[in-house]
Amino acid sequence: MLLVRIFWDRIHSRLKLGLITASIALVLIQMFFVASKWGMTSDRLNVFINWLAVAAYELLVLLFTRLSPKWLTYLSAAILVVPVFGASVMLPLTEIFDPSSYAKVPIGDDFFYEVKPWANAGNGTKEQTLSSLITLPSHHFSVTK
């Protein structure tokens, strides 16, 4: 991503426009998913979309540093990117490579639920998250309740 920012002047103008458009679209899609509690039926796909949205956000922030005054944009970019990198770039990738699969149990026509176990490393307790989901017919979207 840093290389894209460094070599931004050498990138073809159509590719620049495509990267900026795709970045804005990914950020808006993720904002829609979070605000509406909608998502894809695959947890790994949800995590991948989240990771792409975070990468798109970082690209937009890095492109923001090309504006002037440089001292202000660099300081702003550092403040905007540092917390995001640790919390949203590295941690979601662990869910993509999680070998366990969570069974979705149907409870009605388009309704199902799934139980995801997780552990709290701080006090050593193990918990479970119960999600009830609605699958829209012939779509790959789900709504978490």
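Colleague: How many helices and strands does the chain have, and in what order do the elements run from the N terminus on?

Modeller: In this predicted model, the chain has 4 helices and 5 strands. Read from the N terminus on, these elements follow the order α-α-β-α-α-β-β-β-β.

Colleague: Which helix holds Q30, and which residues does Q30 touch, not counting residues up to four places away in sequence?

Modeller: Q30 has its place in helix α2, which covers residues 13–36. Leaving aside residues up to four places away in sequence, the residues that Q30 touches are I49, N50 and A53.

Colleague: Is Q30 buried or exposed?

Modeller: The relative accessible area of Q30 is 16%, and the cut-off that matters here is that a residue under 20% counts as buried. Because its value of 16% falls under that cut-off, Q30 is buried.

Colleague: What share of the residues in the chain is buried, and what share of the accessible surface belongs to carbon and sulfur atoms?

Modeller: The chain has 145 residues, and buried residues make up 25% of them. The accessible surface of the chain comes to about 10000 Å², and the part of this surface that belongs to carbon and sulfur atoms is 69%.

Colleague: Where is P69 found, and which residue does a cis peptide bond join to P69?

Modeller: P69 is found in the loop between α3, residues 43–64, and α4, residues 70–96. The peptide bond in question is cis, with omega at about 0°, and the residue that it joins to P69 is S68.

Key: Residues are numbered from 1 along each chain as its sequence is written. This is a predicted model: local features need pLDDT of at least 70, side-chain atom pairs count only at pLDDT 80 or more; totals for chains, interfaces and linings use all residues. Side-chain values use heavy atoms; hydrogens and water are left out. Helices (H or I, at least four residues) and strands (E, at least two) are DSSP runs, numbered from the N terminus. Buried means under 20% relative accessible area, exposed over 50%, partly exposed in between (1.4 Å probe, protein chains only). Contact means heavy atoms within 4.5 Å. Accessible areas come from the Shrake-Rupley method with a 1.4 Å probe; for residues, only the protein chains shown count as cover.
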